[in-house]
Amino acid sequence: MQVERLWSNARLATLRADLPGLGTIEDGIVACSGDRILYAGSRADAPAFDAESEWDIEGRWITPGLVDCHTHLVYAGNRAREFELRLAGASYEEIARAGGGIVSTMTATRAATRDELIEAALPRLDTMLGEGVTTIEIKSGYGLSEIDEIKMLSAARALPGLRPVRVAATFLGAHALPGEFKDDPEAYIDLICDRMIPGIAAEGLADAVDAFCEGIGFTPAQVRRVFEAAKTHGLRVKLHAEQLSNLHGAALAAEYGALSADHLEHLDAAGVAAMAASGTVAVLLPGAFYFTREELRPPVALLRKAGVPIAIATDSNPGTSPLTSPLLTMNMAATLFRLTVDECIAGMTREGARALGLLDEIGTLEAGKRCDLAIWDVEEPAELVYHMGFNPLHARIWGGQA
Ligand code: DI6
Ligand code: FE
């Protein structure tokens with residue numbers, strides 16, 4: 001059988017759902033043509049391949065390319081000064097009153113051009129790619145006006161033209177209430193539903209719609225309006241839910257068949273059951289938990305028991321998770337949330353793909369899927385989760401290309 005490229009002498013963590021654990025295959029090969037996997041499995045079972053190029057990878061491990069399914073990677077400025085103030089004892093509220101918080105990132109993001117946003121995002125993106133990320137979700141939500149939200153989304157959409165990466169873009173207009181609407185939040189929701197979502201959907205600028213359901217964000221009733229508009233315009237939904245309190249956002253998201261509900265530290269049993277019934281993925285974000293020194297852990301045991309799929313992601317953002325390392329995120333998910341090694345690796349590959357509605361295309365090593373691979377210089381997969389600040393990536397393959 002004629003193939004373009006073949007990786008041999010590999011150990012595969014296929015993440016195939018029909019195999020136990022990581023779907024491990026010792027003495028494996030991966031064959032690809034064009035950007036597709038033709039075969040990923042054991043050498044013994046493989047057909048005879050005639051490959052244009054063959055790479056002996058000397059017993060290294062291959063996983064699917066990493067999928068970071070929740071980031072706010074595009075923004076201007078940073079909040080290091082705010083971090084210092086917090087270290088000195090200032091509360092979020094004091095910082096917000098002094099012009100800090102999401103509003104300070106909004107001000108910087110509004111002042112930046114689309115090109116400046118791209119330039120600011122690229123070093124962060126490059127760090128992620130250097131750790132084997134091949135698909136990343138990026139949210140808007142720091143523009144908070146029609147023109148600035150569109151500017152953020154088009155910056156996110158431009159990144160795959162500059163780097164070998166797939167970007168899933170998410171419209172998060174309902175992230176925070178911009179000052180001009182402080183006396184009339186419903187008017188801001190009107191703007192989101194009546195102008196922003198229709199325009200963004202028509203231009204194909206977003207793949208999904210997200211919102212921040214929280215006391216300092218938007219109420220469930222407001223989120224429902226946003227979800228209705230998304231549904232009308234054919235966009236899938238997801239939700240920042242139960243991060244700081246329990247407003248039953250996860251159940252609301254599940255009611256709308258959400259791809260995911262994210263954060264979930266305050267999730268209760270009813271929310272878990274609703275997510276299980278709708279197949280909504282739980283996206284856990286240990287970076288935000290760590291950086292904000294949150295104490296309540298998401299109900300991992302309940303999620304497991306109910307069979308809710310669990311993904312993990314960086315939540316890379318300037319305020320609560322200035323984190324650009326998917327590997328460290330896996331370590332944090334294990335140490336802080338007590339996820340197993342297998343759950344961490346699945347959470348950053350197969351389950352991340354599921355949370356983006358892309359599981360047919362990426363997230364496992366299987367014939368027919370895109371050939372997005374991460375090749376690791378490790379003796380065993382646990383090393384991907386165990387190290388802190390060490391990067392064992394040997395090579396990253398994007399659509400069959402090194
Ligand atoms: N939850 C978060 O942790 C971030 N957004 C959200 O909805 C915070 C974003 C920021 O502080 O800039
Ligand atoms: Fe977030």
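This is a predicted model: local features need pLDDT of at least 70, side-chain atom pairs count only at pLDDT 80 or more; totals for chains, interfaces and linings use all residues.

Let me begin with helix H3, which covers residues 102-111. Which of its residues are buried? They are Thr-105, Met-106 and Thr-109. Viewed down the axis of H3, these buried residues fall within an arc of 105°, so they line one face of the helix. The cover over them includes helix H4, residues 114-129, and helix H5, residues 146-162.

I turn next to a pair of helices. Two packed helices are described by the angle between their axes and the distance between the axes. For helix H6, residues 185-202, and helix H7, residues 220-232, the axes come within 9 Å and cross at roughly 10°. An angle under 35 degrees counts as roughly parallel, and H6 is therefore roughly parallel to H7. Which residues meet there? From H6 come Pro-185, Glu-186, Ile-189, Asp-190, Ile-192, Cys-193 and Ile-197, and from H7 come Gln-222, Arg-225, Val-226, Ala-229 and Ala-230.

Now to the strands. Strand S11, residues 260-263, pairs with strand S12 in the parallel sense, over 3 bridges. Within that pairing, Asp-262 stands opposite Val-283 of S12. Strand S12 itself runs over residues 281-284. Val-281 and Val-283 point one way from S12, while Ala-282 and Leu-284 point the other way, and all are buried.

The next residue is Phe-291, in helix H10, residues 286-291. Is Phe-291 buried or exposed? Its relative accessible area is 18%, and because buried means under 20%, Phe-291 counts as buried. Leaving aside neighbours within four places in sequence, Phe-291 is in contact with Phe-83, Arg-86, Gly-319, Thr-320, Ser-321 and Pro-322. Phe-83 is 208 residues away from Phe-291 along the chain, yet their C-alpha atoms are separated by 9.5 Å.

Finally, a remark on backbone geometry. Most residues other than glycine have a negative phi. Asn-9, in strand S1, residues 2-13, has a positive phi, near 60°. Asn-9 is partly exposed, at a relative accessible area of 35%. Glu-58 also has a positive phi, near 55°. Glu-58 is placed in the loop between strand S4, residues 50-56, and strand S5, residues 61-64, and at 57% relative accessibility it counts as exposed.

Thank you for your attention.

Terms used. Residues are numbered from 1 along each chain as its sequence is written. Chains are lettered from A and ligands numbered from 1 in the order in which they are written. Side-chain values use heavy atoms; hydrogens and water are left out. Buried means under 20% relative accessible area, exposed over 50%, partly exposed in between (1.4 Å probe, protein chains only). Helices (H or I, at least four residues) and strands (E, at least two) are DSSP runs, numbered from the N terminus. The arc is that of the directions from the helix axis to the C-beta atoms. Contact means heavy atoms within 4.5 Å. Axes are lines fitted to C-alpha atoms, for helices over the stretch in contact, and angles run from 0 to 180 degrees between N-to-C directions. Angles under 35 degrees count as roughly parallel, over 145 as roughly antiparallel, 65 to 115 as roughly perpendicular and the rest as oblique. Two strands pair if DSSP finds at least two bridges between them.
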